[in-house]
Amino acid sequence: MPPPSRPSPRRQEPPAARRRRPGAGPSPGGRQDPWSLEALVRSLRDRVRSYAASHPDEPPSLWLYREIDSWAADRDDDWKRRRSSRAVLPLAPEPSCRPGCVHCCYQHVAVTPAEARLLADHLARLRPNAEVEVEALLARLSRAAEDCRRLIAEAPDPRASRLALARVRRPCPLLDERLGRCLAYDARPVNCRRENSLDVEVCRRYRDDPDCPDSSLRLVRYDVIWGAAFAFLARWGPALLLLKPGAIEPLDVALSRTMTPGSPIGAEDAGGADHPAEP
Ligand code: SF4
């Protein structure tokens, strides 16, 4: 689920014909494409390292997503500037996502091990929070974890298990269906932050029908920027978090049993949630 409000709705991708394939490395002229996966991951890594160096006493669980969001917003601004500087390009469509719209919260969400730790830490801090029925939340997490384990155990191979998880349609255990909001919004994973849509009706159909063929609505720029954020967390997150082991709460909530590093859910799905690709 994207941010609840989008004060400046994101614009569309830079010129596709001129954008090199992410991860393609340096251009023939020797300049590295700033939109390559490697360049974006390095840029985010530098940003995070810089913050960590200047705030050594702050646990990453309190600022990491904030820095990632800020980095993503800056990249988004870059993208918009590039697009607006090319008058020949049409104005880009904007996401239809709005607060309270939670169709995208009815599927399996893949997370990196680092994100599972961040989420677990966040949930641990919720324990004294009277607004959240933490025990009920943990029970939902445990049930969802059992469902995932069963699907994975029944699948003959990893590909089949990924396909089975992609067909899951149930409310996320962290979703407050009554209020239409995420109970761990500040710590929601990258795959939730990157979610976007141009047509809410298609999201509704996708939510209701695991075989819905027409859900290819994600904007390219979201995939480029947030795909890099996912890769950053997959590669650097654990090391970063382990820099301050005392700052991370023990994984004593259900997610720790569901998505520990190396588990099928944490590792096999490191390519992201099984959302359809943008056309
Ligand atoms: S973690 Fe939050 S935003 Fe992500 S699917 Fe669950 S309820 Fe929705």
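Guide: The axes of helix H4 (residues 134-154) and helix H5 (residues 158-166) come within 8 Å and cross at roughly 140°. This is a predicted model, where local features need pLDDT of at least 70 and side-chain atom pairs pLDDT 80 or more, while totals for chains, interfaces and linings use all residues. Residues are numbered from 1 along each chain as its sequence is written.

Visitor: Why is H4 called oblique to H5?
Guide: Angles under 35 degrees count as roughly parallel, over 145 as roughly antiparallel, 65 to 115 as roughly perpendicular and the rest as oblique. The angle here is roughly 140°, so H4 is oblique to H5.

Visitor: Which residues make the contact of H4 with H5?
Guide: Cys148, Leu151 and Ile152 of H4 meet Ser161, Ala164 and Leu165 of H5, where contact means C-beta atoms, placed from the backbone, within 7 Å. By class they are five nonpolar, one polar and no charged. Ala, Val, Leu, Ile, Met, Phe, Trp, Tyr, Cys and Pro count as nonpolar, Asp, Glu, Lys and Arg as charged, and the others, Gly among them, as polar.

Visitor: What makes H1 and H2 oblique to each other?
Guide: H1 and H2 pack at about 140°, with axes 10 Å apart, and are therefore oblique to each other. Their contact includes Leu44, Arg47 and Val48 of H1 and Trp63, Glu67 and Ile68 of H2. That contact has nine nonpolar, no polar and two charged residues.

Visitor: How do you know whether Pro213 counts as buried or exposed?
Guide: A residue is buried if 20 or more other C-beta atoms lie within 10 Å of its own, exposed if 12 or fewer, and partly exposed in between. Pro213 has 9 C-beta neighbours inside 10 Å, so Pro213 counts as exposed. Its place is in the loop between helix H7 (200-208) and helix H8 (220-242). The C-alpha atoms of Pro213 and Val202 are separated by 9.7 Å.

Visitor: Which residues have the most contacts inside the largest nonpolar core?
Guide: They are Leu44, Ile225, Ala228 and Ala229, in a core of 48 residues. A nonpolar core is a set of buried Ala, Val, Leu, Ile, Met, Phe, Trp, Tyr and Cys residues joined through C-beta atoms within 7 Å. H8 gives the largest share of this core, 11 residues. Not counting residues up to four places away in sequence, Ala229 touches Leu44, Ile68, Ala72 and Val190.

Note on methods. Axes fitted to C-alpha atoms, helices over the stretch in contact; angles between N-to-C directions. Helix = DSSP H or I, 4+ residues; strand = E, 2+ residues; numbered from the N terminus. Contact = placed C-beta atoms within 7 Å.
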